[in-house]
Amino acid sequence: MYTFGVHEHINALLKEQKIDVGGEDNLFYTRMLANTAPILELYLQLYEHHPSAELLFDDVVKTIIVAYQKRTAVLKQRDIQKLEKEYWFLSNEINGMSLYVDRFAGSLKNMQTKLDYFEELGINFLHLMPIFESPANESDGGYAVSNFRKVDDRFGSLEDLLQLQEEMRKRNMYLMLDIVLNHTSHKHEWAIKAKAGEKKYQDYFYFYNDRSVPDQYDRTMPEIFPESSPGNFTYVPECNKWVMTVFHNYQWDLNYTNPNVFIEMLDTIFFFANLGVDILRIDAPAFIWKQLGTTCQNLPQAHTLLRLIKQCVQVAAPGMALLGEAIVAPKEIMKYFGNDHYTARECDFAYNATHMALQWDMLATGDTKVMLAAQHEILKKPYGTSWITYTRCHDDIGLGYDDAMIEQAGFEAYAHRRYLKDYYSGTHPASPAVGALFSSNPKTGDARISGSLASLCGLEKAINNNSSKDIDESIQKILLMQAHSFFLGGVPMLFYGDEIGYTNDYSYLNDKGKSYDNRWMHRPVIDWQKNERRKQEGTVEQRIFNSTKKLLAIRKQLDFVSDQSNLTWITPHNVHVAAYIRESNSKRLFAVFNFAGSVSFLTWFAFKEKGNAPSSLFDHWSGETYAVGNDHEFFVLPPYGFALLEG
Ligand code: GLC
């Protein structure tokens, strides 16, 4: 909407900052004009009642302008190239990997020597886990940041990061970094000043003189790390106050009701954008707004804040997409894509955490019903947004889907979850998995699951038992899980080590900065001699690496598996078989996956009921061509087998 006064004011600010509105900055100027109204509207929704709201709005605009001015010509050029493709990030040609720089390569400098490895595998998008300064033993894997602008010495320097980014850009690779928006380390400059009693910085956090307000909050706020960090507040002896710490006690929650915090963090977001980040992973966005009497998760204002960030980013750094790391209930995840007027105008990506967990459900039960019951929610994702699809990441697996979905599938929710937890923690007698429960909460009975892809698929046990039959089966399961997620729509994000079959790494138990957090068991230190075995015929490493590589190559080759919201689930003719169709421009992929440990039979009718019936199907995975049979005949899938059938 055009408002004379506002636009005049913005014009004046642009002039003051020497923006060449009719010349080289014209595109920026147009974007600014287009987004002024939503930016102001969203800003006022949050800060209207703040005494300095009006004054500080100028700082918001100036932050955007300065960010644009600092953006290099190369990045501005890349922005335009991306915008020309409209939704560049929906492409089937992007395959990602998430990794810890130190555990993978030692340092940022060394990362450059690993770029060939990624290219060999077919990875062109890297998520570097947090590399900014973070206190060694109070780091939460880097998610407790003490300086958002300084690369931690453990990894190298900012210069090393920029060099890596440049080399990646030359190879057409994309970069993702995290912005830890919800909290800082208690060693961050703001926290140190707050401890010293500076009111300005105490207002950057949620500070209380005594336990009365914290107690009220605690009544409705769940605990995130109940074992290692119970409660949501921590006593600060230096200033004799309590501060909100939803995650660990060394992670202080930032107070976004203060517009100064928003402006500081917006500036930090632009700092990341101007490093050349292609996708910014917004850590824990569900938590960024708090309100007494609520769970302090997924609040409407958290969405307003994300929308505001999105509109600002679009003006100064339009080539940077946003990923909201909202690992919450299925219905809530969807809201991070925006809704109503802001549909597809909030986060460009979210993790498909629901489907990830449901894959593990299917693998343990051999049954697809719960997964299918969740699809009516998942398929609501708006066009122009996408998923990060994955089987494992650095975090635990939360069984966060709704009880109603489990019940709709005919199971009793409590017993079903109990079974899954027993199965993956390895306490179920029939389970080949080796994992552990994470963050068990005896008060609620909740628990999540830690363990690497390979160990949860049975490889650790199979190797220990020296059973080649079990090794074969676990490899088959690993590939089933990966294939199922690679073709689902969205950008696949592998977790480093999974391409080689790393089993759990228990060395974290000897490190006092890590031993309290069993998520470290699935965050391996890469042994490059082991990775070299990918070149030796018949090794476990070679079998997993080559097959993963093949799957990624197939994905890259089939443009109709790009995320055009073009997925249809096939009627479950066989409860063990998850099957979906990806279709575009009269090309079709029937992706079929047998989650049972025995042979499954799928009626040929399954391939005929939607659209034109194919007469033959080519399996990109096996290279076989099948003539489509009669309805009373079957397509046969081996135990944990799958097929990627085009036709
Ligand atoms: C995110 C990260 C997780 C971290 C938490 C707190 O969920 O993925 O590893 O512990 O945020 O920053």
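**Figure 1. Contacts across the chain in the predicted model.** Residues 24 or more positions apart account for 72% of the contacts in the protein chain, counting those with a separation of 6 or more. The secondary structure comprises 23 helices and 25 strands.

**Figure 2. Overall dimensions of the protein chain.** Along the principal axes, the C-alpha atoms fill a box of roughly 75 × 55 × 50 Å. The radius of gyration is 25 Å. A compact globule of 647 residues would have a value near 26 Å, so the two agree.

**Figure 3. Burial and surface of the protein chain.** Of the 647 residues, 61% count as buried. The protein chain exposes about 24,300 Å². Carbon and sulfur atoms supply 51% of that area.

**Figure 4. Charges of the protein chain.** There are 64 positive and 80 negative charges. Their mean positions lie 2 Å apart.

**Figure 5. Phenylalanine 262 in helix 12.** Helix 12 covers residues 259-273 and includes phenylalanine 262. The relative accessibility of phenylalanine 262 is 2%. Buried means under 20%, so this residue counts as buried.

**Figure 6. Surroundings of phenylalanine 262.** Neighbours within four places in sequence are left aside here.

**Figure 7. Phenylalanine 262 and phenylalanine 349.** These two residues are 87 residues apart along the chain. Their C-alpha atoms are separated by 21 Å.

Technical notes: Residues are numbered from 1 along each chain as its sequence is written. This is a predicted model: local features need pLDDT of at least 70, side-chain atom pairs count only at pLDDT 80 or more; totals for chains, interfaces and linings use all residues. Side-chain values use heavy atoms; hydrogens and water are left out. Helices (H or I, at least four residues) and strands (E, at least two) are DSSP runs, numbered from the N terminus. The radius of gyration is taken over C-alpha atoms; the globule rule is 2.2 Å times the number of residues to the power 0.38. Buried means under 20% relative accessible area, exposed over 50%, partly exposed in between (1.4 Å probe, protein chains only). Contact means heavy atoms within 4.5 Å. Accessible areas come from the Shrake-Rupley method with a 1.4 Å probe; for residues, only the protein chains shown count as cover. Lys and Arg count as positive and Asp and Glu as negative; His and the chain ends are not counted. The place of a charge is taken as NZ of Lys, CZ of Arg, CG of Asp or CD of Glu.
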